[in-house]
Amino acid sequence: MSKQILNAGHTKARLLEAAEALFVEHGFEAMSLRQITTLAGTNLAAVNYHFGGKEGLMQALLHSRLDRLNQERLRLLAACERRYGSDGMDASAVLSALFVPALRMSRASEDGSGFVRLLGRVYSDPSPFVRNYLREHYQPIFGRFFEAFARALPQVSRNELGMRLHLCLKALSGLLAGERLDELIASLCMGEKVSDALMLARLISLISPTLTAPFGDREQIAQVERVVLLADDAAAAADAQALGAGKPPGVLPPWAVETVEA
């Protein structure tokens, strides 16, 4: 990252640009006003004048980057429901309504990779401030998509669906926050020249089982139980190997030492 934002535009724009870069890199709690003002080439008084402080600056950033995206998502979901009927959309179609606007906006952005990483950071950042902001400002949007997923997956209880969606979006957010857009696209394309639709279809095919796969059937549980039983033997063998290699005292817990000596 450059030491200072080179954008010669308005101070307010430079502060937003600096805040976005630092938020994507470090998260809300870790970035400081000093870092922001240094990167923007301005001072603390400018932050207070334009935004009233760090939280006001972050609110303005999220508003400028997320409001348009979420409006496009809602309009696209409504258009799909009119076209196919509210009960005619499966989980892949609802996921598409979430992803297509984000891809479209990333294509339109000068720094598409930065926009995608911002989305990943927003939805994965643990800061109470960010979590509360999303809950207060975008809950109706989350609720709208939740109902669409509920209609697409009527066999899944609402509690289970909430858990599945949480894990699905959390995993995707972590991926987006840590990947450059071009690297993610290259991985999904696998050396082929593919359309955006095919690329997104591949991404959705990797994600959708989190929502649709059977939830712990008997055979799956039995397989896991067999591995759990074998894990004790594997751990004991590893402990014995560590003792034989002359590891210093304290590397193994007392119960492990006693088991091996016995």
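Biologist: In this predicted model, which helix gives the most to the lining of the largest pocket?

Modeller: The elements that give two or more residues to this lining are α4 (54–84), α5, α6 (112–124), α7, α8 (158–178), α9 (181–189) and α10 (196–207). One of them contributes 10 residues, the most to the lining, and that helix is α7.

Biologist: How many residues line the largest pocket, and which lie nearest its centre?

Modeller: The pocket has a volume of about 1000 Å³. By class, its lining holds 24 nonpolar, 7 polar and 4 charged residues. The lining comprises 35 residues, and those nearest the centre are Y123, F142, L165, L169 and S173.

Biologist: How are α5 and α7 oriented to each other?

Modeller: Helix α5 spans residues 91–108 and helix α7 spans residues 128–152; their axes come within 8 Å and cross at roughly 160 degrees. Angles over 145 degrees count as roughly antiparallel. The orientation of α5 and α7 is therefore roughly antiparallel.

Biologist: Which residues of α7 does α5 meet?

Modeller: The crossing of α5 past α7 is right-handed. On the α5 side, the contact is made by A91, V94, L95, A97 and L98. By class, the contact of α5 with α7 has 9 nonpolar, no polar and no charged residues. The partners in α7 are F145, A148, F149 and A152.

Biologist: Are α4 and α7 roughly parallel or roughly antiparallel to each other?

Modeller: The axes of α4 and α7 lie 10 Å apart, and the two helices pack at an angle of about 10 degrees. The contact of α4 with α7 has 13 nonpolar, 3 polar and 6 charged residues. Angles under 35 degrees count as roughly parallel. The arrangement of α4 and α7 is therefore roughly parallel.

Biologist: How are α1 and α2 oriented to each other?

Modeller: Helix α1 (residues 11–26) packs against helix α2 (residues 33–40) with the axes 8 Å apart and at an angle of about 125 degrees. Angles over 145 degrees would count as roughly antiparallel, and 65 to 115 as roughly perpendicular, with the rest beyond the parallel range taken as oblique. The orientation of α1 and α2 is therefore oblique.

Terms used
Residues numbered from 1 in each chain as written. Predicted model: local features only at pLDDT ≥ 70, side-chain atom pairs only at ≥ 80, totals over all residues. Heavy atoms only, no water. Axes fitted to C-alpha atoms, helices over the stretch in contact; angles between N-to-C directions. Helix = DSSP H or I, 4+ residues; strand = E, 2+ residues; numbered from the N terminus. Left-handed = near helix turned anticlockwise from the far one by under 90°. Contact = heavy atoms within 4.5 Å. Nonpolar A, V, L, I, M, F, W, Y, C, P; charged D, E, K, R; others polar. 1 Å grid on protein atoms, 1.4 Å probe; cavity = no way out; pocket = protein on both sides within 12 Å on 5 of 7 lines; lining within 4 Å. Points joined across faces, edges and corners; volume = space filled by probe spheres on them.
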